[in-house]
Amino acid sequence: MFLIAGPCVVEDELLMMKTAEKVKKIAERLKLPLIFKSSFQKDNRSSADFYQGPGMKEGLEILNKVKTTFNLPIISDIHYPEQIHEAADVVDVLQIPAYLCMQTTLVMEAAKTGKPVNIKHGQFLAPENMIKPVQKMESTGNKKIMLTERGYTFGYNDLVVDPRSFYELNQIGYPVIFDITHSIRKYGIPSADPKGGARQYLKTIGRAGVAAGVDGIFVETHPNPAAALCDAASQYKLDDLEEFLKPLIEIHNIVRKS
């Protein structure tokens, strides 16, 4: 099992460097392969007034510093085809946001870079239908594919994690990741509001997902989630991350032996 972790969106350089250093130490102690995650742009905020990141140039510069300083692979979202090649010069894994997983040009142009691509499962899509963007990627010859579950929304400002989705995604034949922290967001409520995330479910759904046999876990983490500039209501507190991960590793080891 591997870990994707980091702040939701790139914030100031000092915070990013300190977070990367601590996450790397946690991953090393727990013997979890780590991909550091942060988005240089979040283009799906519910208000144009909310922080969307520093932009591609500054964001990639900070991510590249994290990468070279700590020798960590990097994953970051891309939203438009014109961002892909510049992002691919820095990041090791390109990520297709859930809302955009059916955007043919975006998926195929990302695939054509030859980089691994993490396609997040759209909140609106049956899990077995994720074969469609996978086939788009495969048509380019790129089979470096990961699929990430992050819950379903039914138009009522809530997300539901259905364990059957892990089974269906596994049938497609590529590594399956569980994005635990995004799965507790409450849509329609700003993430700066504590009510914008159902934190009480994090341990329960995290353990359920790992028990269902995922290959990786995705946890957005921040030194002070309440002050985070994005997804403040759902990011996991960095100081508590290690203890959160320990039982997930234990469950994974049991599943792997069964």
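A crossing of two helices is right-handed if the near helix is turned clockwise from the far one by less than a right angle, and left-handed if anticlockwise. Keep that in mind for the first stop. The model on screen is a predicted one.

**Stop 1: helix 1 and helix 2**

Select residues 13-30, which form helix 1, and residues 56-70, which form helix 2. Their axes come within 10 Å and cross at roughly 35 degrees. The crossing of this pair is right-handed. To see the contact, show side chains for Glu13, Met16, Met17, Ala20, Glu21 and Lys24 in helix 1.

**Stop 2: the end of helix 2 and asparagine 71**

Move on to asparagine 71, in the loop between helix 2 and strand 3 (74-77). Its phi is near 55 degrees, a positive value in a residue other than glycine. Asparagine 71 counts as exposed because its relative accessibility is 67%, and the cut-off for exposed is over 50%.

With a relative accessible area of 8%, aspartate 231 is buried.

**Stop 3: glutamine 83**

Next, select glutamine 83, in the loop between strand 3 and helix 3 (84-88). Is this residue buried or exposed? Its relative accessible area is 7%, so glutamine 83 is buried. A polar atom of its side chain lies 2.8 Å from the backbone nitrogen of histidine 79. Beyond residues up to four places away in sequence, glutamine 83 touches Phe40, Gln41, Met56 and Ile78.

**Stop 4: glutamine 52**

Glutamine 52 is in the loop between strand 2 (34-37) and helix 2. It is partly exposed, at 33% relative accessible area. Setting aside neighbours within four places in sequence, its contacts are Val9, Phe40, Gln41, Lys42, Asp43 and Arg45. For a distance across the model, pick the C-alpha atoms of glutamine 52 and aspartate 240: they are 26 Å apart in space and 188 residues apart in sequence.

**Stop 5: the nonpolar cores**

Now select Ile78, Ile119, Ile180, Ile217 and Leu245, the residues with the most contacts inside the largest nonpolar core, which has 66 residues. Helix 1 gives the most to this core, with 8 residues. A second, separate core has 8 residues, among them Ile35, Ile75, Val93 and Phe218.

Centre on isoleucine 78. Its contacts outside four places in sequence include Phe40, Gln83, Ile84, Ala87, Leu94 and Gln95. Ile96, Pro97, Leu100, Leu106 and Ala110 are also in contact with isoleucine 78.

**Stop 6: lysine 120**

Why does lysine 120 count as buried? Its relative accessibility is 4%, and buried means under 20%. Which side chains make polar contacts with that of lysine 120? One is the side chain of aspartate 179, at 2.5 Å; another is the side chain of histidine 182, at 3.3 Å.

Show the surroundings to finish. Leaving aside neighbours within four places in sequence, lysine 120 is in contact with residues including Gln95, Ile96, Pro97, Ala98 and Cys101. Met130, Thr148, Arg150 and Phe218 are also among its contacts, along with Asp179 and His182.

Notes: Residues numbered from 1 in each chain as written. Predicted model: local features only at pLDDT ≥ 70, side-chain atom pairs only at ≥ 80, totals over all residues. Heavy atoms only, no water. Axes fitted to C-alpha atoms, helices over the stretch in contact; angles between N-to-C directions. Helix = DSSP H or I, 4+ residues; strand = E, 2+ residues; numbered from the N terminus. Contact = heavy atoms within 4.5 Å. Buried < 20%, exposed > 50% of the residue type's maximum accessible area, 1.4 Å probe, protein only. Polar contact = N/O pair within 3.5 Å; in protein donor to acceptor, adjacent residues only side chain to side chain. Core = buried A, V, L, I, M, F, W, Y, C linked by side-chain atoms within 4.5 Å.
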